[in-house]
Amino acid sequence: MERIFGRPIVTQEQMRTRIRELGRQIASDYAGKDLVLVGVLKGAYAFYADLARASRIPMRVEFIVVTSYGAGKKSSGKVKLVSDLTEPIAGKDVLLVEDIVDSGLTVQYLMKTLSRRKPRSLKVCTLLSKPDRRTVEVDLEYVGFKIPNKFVVGYGLDYRQEYRNLPYLAALDQGDEQEQESA
């Protein structure tokens, strides 16, 4: 029998329900606006796609790639822009879609970087928030779930580029790896 990785902390059905709720709220808040949904890759890809489908309003889609983790579970604390947007966002309403906000450093970096491009508005939607890990203050307009300080994988989130395809979110089993410090 194949081992299922990690202990589920958010099920696939819980995510579907919450993402539908977020989609309805975003559709209401951005009705009639020039929305650009900016997905932060790679981790947000699954959430981003489901959220875009759940937000039943016209929008543009964009992606940005940043890294701060490398191969481990602990952030380097330095954010690096790997791939930038392909379209200008000046005068547009931008919603940055993240997989997880823990320290807040990546969101802080992206908000500063994108705000220099003069969008009409710039807000953040994240699937997961780890408030216990926050080292900088960030404003999160939409939050799927607040989770404890555990390293999680699945639904786009990875450990060493694996487990992104799990259909649920799981805490890394303590026995699976020696280092348990969260990313």
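**Figure 1. The buried residues of helix H2 and what they pack against.** Ala46, Phe47, Tyr48, Leu51, Ala52 and Ala54 are the buried residues of H2 (45-54). Here buried means under 20% relative accessible area, exposed over 50%, and partly exposed in between, with a 1.4 Å probe and protein chains only. This is a predicted model, in which local features need pLDDT of at least 70 and side-chain atom pairs count only at pLDDT 80 or more, while totals for chains, interfaces and linings use all residues. Residues are numbered from 1 along each chain as its sequence is written, and side-chain values use heavy atoms, with hydrogens and water left out. The partners of these buried residues are H1, S2, strand S3 (60-67), S5 and S6, packing being judged by contact, that is, heavy atoms within 4.5 Å. Helices (H or I, at least four residues) and strands (E, at least two) are DSSP runs, numbered from the N terminus.

**Figure 2. The largest nonpolar core, with Phe47 and Leu128.** What is in the middle of this view? The largest nonpolar core holds 29 residues, and Phe47 and Leu128 have the most contacts inside it. A nonpolar core is a set of buried Ala, Val, Leu, Ile, Met, Phe, Trp, Tyr and Cys residues joined through side-chain atoms within 4.5 Å. Two or more residues of this core come from each of H1, strand S2 (35-41), H2, strand S5 (93-101), strand S6 (121-129) and strand S7 (142-146). H2 gives the most, with six residues. Look around Leu128 and, leaving aside neighbours within four places in sequence, you will find contacts with Asp99, Ile100, Val101, Phe145, Ile147, Val152, Leu157 and Leu169. A second, separate core has 18 residues, among them Ile64, Leu85, Val136 and Leu140. In soluble globular proteins, nonpolar side chains tend to be buried together.

**Figure 3. Gly23 and Glu21 in helix H1.** Both Gly23 and Glu21 sit in helix H1. Is Gly23 buried or exposed? Gly23 is buried, because its relative accessible area is 0%. Beyond its neighbours within four places in sequence, Gly23 is in contact with Leu51, Ala54 and Ser55. Along the chain Gly23 and Tyr142 are 119 residues apart, yet their C-alpha atoms are separated by 10.0 Å. Glu21 has 33% relative accessibility and therefore counts as partly exposed. Glu21 and Gly144 lie 123 residues apart in sequence, with a C-alpha to C-alpha distance of 9.0 Å.

**Figure 4. The second largest pocket and its lining.** Rolling a probe the size of a water molecule over the atoms shows where empty space is left. On a 1 Å grid over the protein atoms alone, a cavity is a set of points where a 1.4 Å probe fits but cannot get out, and a pocket is an open set with protein on both sides within 12 Å along at least five of seven lines; lining residues have an atom within 4 Å of a point. The second largest pocket has about 170 Å³ of space, where grid points are joined across faces, edges and corners and the volume is the space filled by probe spheres set on the points. Its lining consists of Arg16, Ile19, Arg20, Arg24, Asp50, Arg53, Ala54 and Arg56. Helix H1 (12-29) and helix H2 each supply at least two of the lining residues, and H1 has the largest share, with four. By type, the lining has two nonpolar residues, no polar ones and six charged ones. In this count Ala, Val, Leu, Ile, Met, Phe, Trp, Tyr, Cys and Pro are nonpolar, Asp, Glu, Lys and Arg are charged, and the others, Gly among them, are polar.

**Figure 5. Backbone details at Lys42, Tyr155 and Tyr163.** Most residues other than glycine have a negative phi, and most peptide bonds are trans. Leu41 and Lys42 are joined by a cis peptide bond, with omega about 10 degrees; Lys42 is in the loop between S2 and H2. Tyr155, in the loop between strand S8 (152-153) and strand S9 (169-171), has a positive phi near 50 degrees. The loop between S8 and S9 also holds Tyr163, whose phi is positive too, at about 80 degrees. Tyr155 is buried, with a relative accessible area of 9%, whereas Tyr163 is partly exposed at 25%.
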